[in-house]
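Here is a short briefing on one structure. It covers a helix pair and a set of paired strands.

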Amino acid sequence: MSVLVRWRVGAAMIVVGSFTVVACGGDDLVSPTPTLPEARVTSTTSLPPVTSTTAPIDVVTAVTPVFTALASRDVDALSAVVDAGVVPGSAGGEYVAHRAAAETVLAAAGVERAPVNVVADPGGATAFTLCVDMGECVVYDQIEVDAAARLSSFAVDGVPVDDLVSPAGPVVAVGGAQARVVSAAVASSGDVSVVVEVIAGDEAVDVVGVSAVHRPRFDTSASAREVRAVWGDGVVPAQESARVLMVFDAGPLDGDIVMSVVFANGDNELLALPLIAP
């Protein structure tokens with residue numbers, strides 16, 4: 001039998017549902033016991049554990065093209081591995097990109113660079129040794145790759161690459177020209193190589209790389225280091241850009257590269273280009 005539920009408030013009665021609750025002064029509330037549906041038991045089937053079908057990465061095979069390109073000193077080979085063989089933005093990727101940028105400047109300056117030898121390590125170790133001759137070798141080990149088998153990190157003669165490379169610095173403008181550090185790296189010898197890009201404005205600008213100095217920031221006791229070698233400097237035509245490679249004696253990857261630029265009207269301006277410390 002259906003029973004109406006009523007709630008009396010003052011003179012009003014509200015119909016609530018199919019059971020009756022009457023409130024009058026101190027009357028008790030009475031509610032029916034709800035009927036629950038019967039529980040249903042369903043069977044479950046155990047599934048076999050999921051196993052990965054992804055083959056482990058052969059690190060040596062994955063990174064061999066990168067170190068072969070470094071040994072070749074070939075601009076096209078280095079550009080190819082920068083595009084596809086390294087993790088963009090990683091320390092390892094920045095190091096290889098710097099080498100590619102430096103070799104590009106040298107090639108444009110007409111410098112012929114003979115390839116170096118890649119010496120296989122005994123026992124198939126995950127390491128590569130590059131030798132100009134048997135008395136001058138550099139060991140690359142502690143190699144790391146990402147899930148796509150691209151090079152992300154390594155050590156150079158035991159030093160983590162994170163401590164050896166500086167990424168692109170901020171753009172600095174002066175007299176209508178702009179310039180920035182493209183990249184910098186510390187060689188196994190300790191020398192600091194820096195690639196700088198200069199963009200001319202409405203008038204040509206003469207980049208005087210031979211007077212550049214590396215001015216440390218944190219080591220205040222260290223004197224500025226004069227550039228030891230420079231390639232690619234000279235006149236940059238209006239609205240064009242050029243890259244310059246400079247090498248300094250051993251020092252920290254911080255501070256500024258200070259160089260002079262001369263405009264067509266004879267004005268000589270100094271550019272202080274920050275190095276981003278690792």
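Predicted model: local features only at pLDDT ≥ 70, side-chain atom pairs only at ≥ 80, totals over all residues.

Which residue in S11 is the bridge partner of Ala 185? The partner is Ser 193.

**Strand S11 and its neighbours**
- S11 spans residues 192–199. Seven of its eight residues are buried, so the strand is largely enclosed by the rest of the structure.
- Strand S10, residues 177–186, pairs with S11 in the antiparallel sense. Eight bridges hold that pairing.
- S10 and S11 form a hairpin with five residues between the strands. Gly 190 in this hairpin takes a positive phi near 100°.
- S11 is also joined to strand S15, residues 241–248, by eight bridges. S11 and S15 run antiparallel.
- Val 194 has Met 246 as its bridge partner in S15.
- In a regular strand, side chains alternate between the two faces of the sheet.

**Helices H2 and H3**
- H2 covers residues 75–84 and H3 covers residues 91–108. Their axes come within 9 Å and cross at roughly 155°.
- That angle is over 145 degrees, which means H2 is roughly antiparallel to H3.
- The crossing of H2 and H3 is left-handed.
- From H2, the contact uses Val 75, Leu 78, Val 81 and Val 82. From H3, it uses Val 96, Ala 97, Arg 99, Ala 100, Glu 103, Thr 104 and Ala 107.
- The residues of this H2–H3 contact divide into eight nonpolar, one polar and two charged.

Terms used
Residues numbered from 1 in each chain as written. Heavy atoms only, no water. Axes fitted to C-alpha atoms, helices over the stretch in contact; angles between N-to-C directions. Helix = DSSP H or I, 4+ residues; strand = E, 2+ residues; numbered from the N terminus. Parallel < 35°, antiparallel > 145°, perpendicular 65-115°, else oblique. Left-handed = near helix turned anticlockwise from the far one by under 90°. Contact = heavy atoms within 4.5 Å. Nonpolar A, V, L, I, M, F, W, Y, C, P; charged D, E, K, R; others polar. Buried < 20%, exposed > 50% of the residue type's maximum accessible area, 1.4 Å probe, protein only. Pairing = 2+ DSSP bridges.
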